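Look at the chain below before reading on.

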Amino acid sequence: MRIAIINTGGTISCVGTPLAPMSATEFADAAQRLIVPSIHAEFPTIELDFITDLRFAASAQGTLDSTNLQPRDWCVLAERILADYNTHDGWVILHGTDSMAYTASALPFLLTSFAADGSPTAALDKPVILTGSQVPLFIEDAADGTLALRFNTDAFQNLCAAIESAAMQVPEVAVAFRGRLFRGARVLKTDASQDDAFDSPNFPPLATFGINTRTDADLVLPAPDATIALSSLGVRERVQERLVHIADRIDGAAVVPLSAFPASVTPGGPSFLAQIVDAIVATGARALVLSSYGAGNFPSGNADDPAQGAIARAITAASDAGVLVVNASQVLAGTVDDAVYAAGSWMHAAGAIGIGDMTAVAAFAKTTVLLAAEGWTDEAEGTQPSARDLVPRNLLGEVTPR
């Protein structure tokens with residue numbers, strides 16, 4: 001079994017003071033010396049292939065702290081996975097924790113395609129596992145610059161869990177972190193200081209690691225039929241063509257997250273939050289992902305007549321201008337249902353799309369990819385469905401069907 005290791009940067013591959021990412025080559029050399037012998041002893045049938053020639057344009061050495069990863073970098077990762085698809089059995093992506101949930105949410109939609117009814121026309125049949133850590137994998141000797149493996153850290157544990165997950169051949173994009181394997185489009189970073197940094201509030205782990213690894217087969221996406229699996233050359237070529245289309249347009253698919261907050265409103269007058277919405281639209285944003293209160297309530301600017309509030313009018317105007325407005329919740333767990341309260345019921349008429357229990361992070365990534373995919377055509381599939389139609393639908397287990 002051949003598993004590719006892609007090091008994007010992030011804490012797991014950082015050294016020095018202050019911490020900065022190692023180059024992919026430096027990391028691969030250290031890993032081959034200090035880690036691979038132990039992994040081969042545990043998994044003798046696994047061959048690890050460290051990818052050292054993948055580079056992100058924004059970095060002189062090719063790797064990036066995940067704080068600086070951009071949507072176009074999601075495409076770089078997806079392009080490499082597709083290019084090497086027949087030569088590897090799985091991928092482990094080492095990633096900074098800051099934006100790992102975004103990448104894990106975007107990759108599933110870059111590596112698949114869908115018909116107008118949301119059914120898959122191309123699907124992953126191999127695992128793509130992301131992981132990272134809260135502390136670095138290696139420590140550098142201040143005197144001579146030599147590297148050693150850091151003792152008893154989450155970095156080595158998470159790397160081993162990710163490799164084991166790839167060997168399990170779960171046909172999904174997933175995140176391995178602190179003894180659990182999560183669906184990528186369900187995960188959130190929930191702690192900046194502890195090893196147990198990620199969780200999936202609205203969906204159980206796909207697997208747990210311990211004395212015995214336990215996989216919940218009922219939760220894992222089923223392996224696709226051979227007619228739509230990426231292992232089929234014709235299917236993969238169509239997805240590669242779609243990805244070229246997306247990569248060319250993703251910088252223009254500007255999606256802006258906006259959280260509800262207690263903003264000042266003058267009755268019948270200006271609203272700071274309404275002005276923010278107007279300004280976002282004026283910059284050319286293609287979509288707004290609103291992180292509403294609770295079950296989908298967003299300040300309207302008029303408690304007695306929500307539809308006439310300045311904020312509600314701004315959101316309606318944005319929707320009328322063609323901006324996709326997505327209604328998510330800023331609460332970690334639970335479901336958006338804007339029909340429950342009058343404080344949120346105006347949003348449907350304003351053009352906002354409720355997304356159930358999908359995370360705001362997944363909504364951002366999914367909306368970005370689907371907007372960039374619009375306009376792509378293929379003789380076998382026809383025109384790519386609109387983002388408005390597909391964003392609220394359950395495509396890859398990112399939202400619980402209603």
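Which residue of strand 8 is the bridge partner of Ile 93? The bridge partner is Leu 130. Some ground rules are needed before going further. This is a predicted model, in which local features need pLDDT of at least 70 and side-chain atom pairs count only at pLDDT 80 or more, while totals for chains, interfaces and linings use all residues. Residues are numbered from 1 along each chain as its sequence is written, and side-chain values use heavy atoms, with hydrogens and water left out.

Helices (H or I, at least four residues) and strands (E, at least two) are DSSP runs, numbered from the N terminus. Two strands pair if DSSP finds at least two bridges between them. On that basis, 8 strands form an open sheet with mixed pairing, in the order 4-1-5-8-11-12-15-16. Strand 4 and strand 16 (214–215) are at the edges with a single partner strand each, so one side of each has no neighbour in the sheet.

Follow the sheet along that order. Strand 1 and strand 5 run parallel and are joined by 5 bridges; here Ile 6 stands opposite Ile 93 in strand 5. Strand 5 also pairs with strand 8 (residues 128–131), in the parallel sense over 4 bridges. In this pairing Trp 91 stands opposite Val 128, and Ile 93 has Leu 130 as its bridge partner. Strand 8 in turn pairs with strand 11 (residues 173–177) over 3 bridges, again in the parallel sense, and the partner of Ile 129 in strand 11 is Ala 174.

How many of the residues of strand 5 are buried? The count is 5 of its 5 residues, where buried means under 20% relative accessible area, exposed means over 50% and partly exposed lies in between (1.4 Å probe, protein chains only). Gly 90, Val 92 and Leu 94 are on one side of strand 5, with Trp 91 and Ile 93 on the other, and both faces are covered. In strand 8, Val 128 and Leu 130 point one way and Ile 129 and Thr 131 the other way, and all are buried.

Next comes helix 1 (residues 24–34), where Ala 24, Phe 27, Ala 28, Ala 30 and Ala 31 are buried. These residues lie on the same side of helix 1 because they cover an arc of only 170 degrees around the axis, the arc being that of the directions from the helix axis to the C-beta atoms. An α-helix has 3.6 residues a turn, so residues three or four places apart point the same way. The buried residues of helix 1 pack against several elements, including strand 1 (2–7), helix 2 (36–42) and strand 5 (90–94).

A pocket is found on a 1 Å grid over the protein atoms alone, as an open set of points where a 1.4 Å probe fits, with protein on both sides within 12 Å along at least five of seven lines; lining residues have an atom within 4 Å of a point. The largest pocket holds about 300 Å³ of space, a volume being the space filled by probe spheres set on the grid points, which are joined across faces, edges and corners. It is lined by 22 residues, and the closest to its centre are Ser 291, Ser 329, Thr 359, Ala 360 and Val 361. Helix 10 gives the most to this lining, with 3 residues. The second largest pocket has a volume of about 260 Å³. Its lining has 18 residues, and among those closest to its centre are Ala 123 and Pro 171.

Two single residues remain. Ser 292 is in strand 18 (residues 287–292) and counts as buried at 0% relative accessibility. Ala 185 is in the loop between strand 12 (180–183) and strand 13, and is buried with a relative accessible area of 3%. The C-alpha atoms of Ala 185 and Thr 103 are separated by 8.8 Å, although these residues are 82 residues apart along the chain.

Notes: Contact = heavy atoms within 4.5 Å.
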